[in-house]
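Me: Could you take a close look at a single part of this model for me, namely the place where its two chains meet? I would like one connected account that I can follow alongside the structure.

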Amino acid sequence: MAPPAKAITSPVPDAWYPTLAVFMLAIGLVLTASFFIYEATSSKRNRSLAKELTTGGVASVFLGFGSLFLLLSAGVYV
Amino acid sequence: MGISRFVLLVFTISMLASPALSDLVLSKVDRRIYLTSHIVRISSTLEVENAGPETVSKVLLAFPDLQAQNLAYLMASPHEAKAKVKGLTVGASFTFDVLAVFTQALRPMPEQIGQADIQLVLYQDSAYYLSPYVVKVQSLSLKVPDSRIESYTTLQSTKVQGSEIKYGPYENLPAFSSSPITVHFENNLPFAIAQELVREIEISHWGNVLVTEHYKLIHGGAQSKGEFSRLEPQARENVQGPSAVRYLVAHLPPRAHSVYYRDAIGNISTSHLRGDSKKTELLIEPRYPMFGGWRTAFTIGYGLPLQDCLYESEGRRFLNITFSSPMIELVIDTLIVKVVLPEGSSDISVAAPFFMKQWQETKISHLDIVGRAVVVLEKTNLVPEHNQYFQVYYKFNRLSMLREPLMLISGIFFFFVACIVYMHADTSISKFSASYLAKQQWEEVRVAIQQVHNIICRCLATHDKLEASLRDLSRTGEVQACKAARKSTDGLLKELSKELKPLMTFLQSSPSAVQVLSKVEELVAKEKELLEKLMAKHSTAVEAYEKKSGARDIENRIALQQQKITALRQEVDDLLEFIDEI
């Protein structure tokens with residue numbers, strides 16, 4: 001007798017998709033803004049590559065997850 | 001097809017081996033033929049008795065050749081639910097039910113009808129049950145739709161009761177006896193046949209199973225002849241064209257959502273959806289009523305929640321879903337089911353209740369790198385009884401789900417890296433042109449000004465420290481602490497002015513700093529003035545405390561100086577702001 005099968009659900013509850021999308025995109029856009037402000041106001045000598053890369057990296061993580069949840073909440077189940 | 005060939009083979013073997021087969025006797029056969037739809041269902045209850053010397057474990061069922069061609073589904077089950085017999089012992093008897101479903105067994109007669117005519121069909125069968133064994137008692141009843149019966153073959157014991165024609169009971173007939181009968185009756189029920197149905201089931205582990213069904217339907221009844229007029233069916237709806245296919249009903253699983261119905265032109269709005277806890281009922285009307293021989297093609301799609309279909313057991317995941325179309329009373333000529341598994345699935349296998357052709361393909365869909373594995377199943381000649389559950393097993397690593405967000409993240413990060421590269425790249429063509437040199441010098445001036453700004457801010461911070469020490473003095477009256485604070489701030493200010501000197505000389509020497517130089521010098525001068533005033537105030541306050549004069553006295557002495565100090569401070573702040581904006 002096979003063990004009873006367990007139903008599989010998504011790792012993140014469905015109802016959270018729109019909220020998660022909005023918050024992640026908001027945070028991602030704020031970080032993008034700070035990245036571009038840093039690029040615009042710093043002069044060549046003061047610029048630090050490490051700071052640029054970290055800001056860009058964290059912003060892209062949030063924007064990536066935010067756009068994934070945006071796609072899922074719109075019904076495009078990728 | 002496979003079943004009919006097997007039956008024919010057995011038929012021939014039975015002819016050669018008849019002495020062994022005559023051991024079994026069918027003591028009672030009840031046949032009910034349902035002609036109420038374009039799918040013919042024959043339900044027989046057979047009671048078999050072992051009259052021979054040995055235990056028998058097989059019973060042969062025979063079908064006439066012509067009928068066997070149209071056999072779509074065959075199932076035998078015990079009559080009583082719990083009965084399980086290993087072998088039929090001598091003298092014992094066993095009852096079981098056989099359900100045989102035939103497609104295209106009804107022949108439209110006349111073969112061509114006008115738009116307003118009713119549809120009459122012909123059914124041919126045998127009044128005696130065709131069997132390799134002797135049949136003791138048998139009876140047959142045919143059920144036709146509640147309409148008129150044009151004609152039927154009359155044999156010895158034939159009677160008509162409402163919409164049922166009964167033949168029999170006949171007794172003690174030898175093996176392989178048959179007596180052909182024909183029934184000609186009216187059948188206006190929709191003769192919808194799907195010539196090709198492609199069913200695509202796409203699994204997304206983020207919470208949805210998307211089913212898309214592409215239909216190519218044809219009306220398989222009497223062909224339509226003559227002219228077609230749109231006015232007549234609309235004028236008197238239920239009278240004209242009674243055999244036309246006006247609507248189709250599909251029973252979707254419960255909790256189906258995002259149902260759509262469209263074709264190559266676009267969305268078709270003539271549809272109704274109604275759901276309850278057991279099923280979701282979808283009623284769709286094609287763009288035009290389908291008369292005999294007409295075709296239509298459309299697509300239906302719907303989504304199912306993941307937990308209804310996908311399960312996990314023993315480390316493997318499996319999809320449990322119905323195989324065939326959810327439409328009721330639809331005959332399908334060719335059904336192709338494609339199960340699209342998410343990227344990263346491996347070790348795929350299918351468990352199905354009947355035989356079907358299988359192979360694998362690849363499909364590239366949203367956010368895919370290498371493509372998704374697709375299991376394709378094909379089967380021909382299906383009836384609604386084939387709509388059973390089947391399972392597709394596969395292995396999937398949970399971490400593969402991160403592939404999709406990682407693709408998005410890497411795309412966006414590539415954009416940021418491109419921005420960084422652009423900002424860092426030096427795209428000037430000539431490094432010695434006047435504008436390039438001017439830009440470089442301005443950059444240096446800007447840096448120097450920012451440093452000046454920094455220093456002035458630090459000076460102001462030390463001023464604040466002095467003021468704080470004064471306030472402490474007024475609170476606690478400790479003069480020594482105040483004097484110590486004064487000494488430390490003196491030291492700090494000396495250092496700051498040392499840092500300021502080279503910057504000022506640089507600014508004075510560089511040609512591009514001319515515009516801002518005046519402001520910077522003004523700022524430095526004002527700051528010096530402020531410092532002097534503050535120092536004076538501090539000394540007066542300390543002296544006053546040493547002399548131990550009254551509080552109000554001290555206030556009065558400081559008041560004038562304080563006013564000047566606040567005014568100067570304001571100016572310094574304004575200048576700082578202006579410099580900040582450069």
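Reply: What follows is a description of the interface between chain B and chain A. The model is a predicted one, and in it the contact draws 39 residues from chain B and 39 residues from chain A. Together the two chains bury about 3300 Å², of which 70% lies on carbon and sulfur atoms; on the chain B side, Trp206(B), Phe416(B) and Ile420(B) supply 20% of the area buried against chain A, more than any other three residues.

As for polar links across this interface, the rule finds zero salt bridges between chain B and chain A, whereas five residue pairs are in polar contact, with both residues at pLDDT 80 or more. Several elements of chain B, namely α5 (306-309), β21 (310-313), β22 (316-322), α6 (403-424) and α7 (434-476), each contribute at least two residues to the side that touches chain A, and the largest share of that side, 13 residues, comes from α6(B). By residue class, the side of chain B that touches chain A divides into 20 nonpolar, nine polar and 10 charged residues.

The two chains also meet through strand pairing, in which β1 (residues 6-7) of chain A and β21(B) run in the antiparallel sense over two bridges, with Lys6(A) standing opposite Glu312(B) in β21(B).

For chain A itself, an unreviewed UniProt entry lists residues 15-38 and 58-77 as "transmembrane region". In the model, residues 15-38 of chain A are 92% helix and 0% strand, with end C-alpha atoms 36 Å apart, while residues 58-77 of chain A are 80% helix and 0% strand, with end C-alpha atoms 25 Å apart.

How values were computed:
Residues are numbered from 1 along each chain as its sequence is written. Chains are lettered from A and ligands numbered from 1 in the order in which they are written. This is a predicted model: local features need pLDDT of at least 70, side-chain atom pairs count only at pLDDT 80 or more; totals for chains, interfaces and linings use all residues. Side-chain values use heavy atoms; hydrogens and water are left out. UniProt positions are given in the numbering used here, feature names are shortened, and annotations may be inferred rather than shown by experiment. Helices (H or I, at least four residues) and strands (E, at least two) are DSSP runs, numbered from the N terminus. Contact means heavy atoms within 4.5 Å. Buried area is the accessible area (1.4 Å probe) that two parts lose on being put together, summed over both. A salt bridge is a side-chain nitrogen of Lys or Arg within 4 Å of a carboxyl oxygen of Asp or Glu. A polar contact is a pair of N or O atoms within 3.5 Å; within protein, one must be able to donate a hydrogen and the other to accept it, and residues adjacent in sequence count only if both atoms are side-chain atoms. Ala, Val, Leu, Ile, Met, Phe, Trp, Tyr, Cys and Pro count as nonpolar, Asp, Glu, Lys and Arg as charged, and the others, Gly among them, as polar. Two strands pair if DSSP finds at least two bridges between them.
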